[in-house]
Amino acid sequence: MACSTRGAHLVEECLLLRRQKRQLAYANRDSSGQIHEGICSPCRLEYDAAANCYYLIIWQPDEARAIKMRVARLASVQCLDAPIPASTEEAFHQFLADRRQSVTLRIERQNNAVERSFMMFASYDKEASYDEEADTYTIQLYYYDFDRREILQQILSLGAAATVLAPADMREAIIERLQAAWQNLQ
């Protein structure tokens with residue numbers, strides 16, 4: 001699905017705000033349809049190739065946290081005259097550093113799982129190696145705790161071709177979701 005004219009306009013507006021180091025006022029519709037409004041500092045604009053959508057990552061100073069919003073769900077974006085505070089970038093980087101996590105996966109060469117995993121995880125930092133004897137890839141994927149649900153869903157979408165090697169809590173989360181799905185089928 002191509003970016004709509006409205007979506008393209010919002011992406012351009014977000015890029016302009018970031019370049020000009022100005023704050024923005026926004027209205028964002030979450031996945032349940034509720035509107036959230038606020039004033040923030042834009043920090044990043046990311047494109048997710050697998051989902052074919054843009055995300056705006058903002059710094060919310062009142063809550064001292066970053067928020068990741070789908071650009072397509074933004075009801076409005078308004079450029080403000082107020083500059084982004086000088087401390088924003090440092091606070092944002094510290095926030096990310098405190099929330100960085102990793103998961104190690106073994107990906108088997110079946111059902112295009114290797115290609116799909118590299119596409120799904122294109123926007124994440126990662127390290128990969130190939131084991132010739134086993135004909136498998138090991139991927140260490142770095143993400144932030146606020147992306148955990150998305151990471152879990154993407155790993156599950158790889159099916160039996162993906163095995164979580166570490167950490168144990170991520171492996172347990174995958175097992176719990178599979179058990180819950182099995183119970184729903186009973």
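1. The lining of the largest pocket draws at least two residues from each of β1 (22-29), β2 (35-48), β3 (53-60), β4 (65-70) and α4. Of these, β4 gives the largest share, 6 residues. Helices (H or I, at least four residues) and strands (E, at least two) are DSSP runs, numbered from the N terminus. A pocket is an open set of points on a 1 Å grid over the protein atoms alone, where a 1.4 Å probe fits and protein lies on both sides within 12 Å along at least five of seven lines; lining residues have an atom within 4 Å of a point.

2. This is a predicted model, in which local features need pLDDT of at least 70 and side-chain atom pairs pLDDT 80 or more, while totals for chains, interfaces and linings use all residues. Residues are numbered from 1 along each chain as its sequence is written, and side-chain values use heavy atoms, without hydrogens and water.

3. The lining of the largest pocket comprises 27 residues, with Y55, K68, M69, R73 and R149 closest to the centre.

4. The largest nonpolar core holds 22 residues, and V103, I107, F121, I151 and I155 have the most contacts inside it. Such a core is a set of buried (under 20% relative accessible area, 1.4 Å probe, protein chains only) Ala, Val, Leu, Ile, Met, Phe, Trp, Tyr and Cys residues joined through side-chain atoms within 4.5 Å. The largest share of this core, 4 residues, comes from β8.

Methods
Buried means under 20% relative accessible area, exposed over 50%, partly exposed in between (1.4 Å probe, protein chains only).
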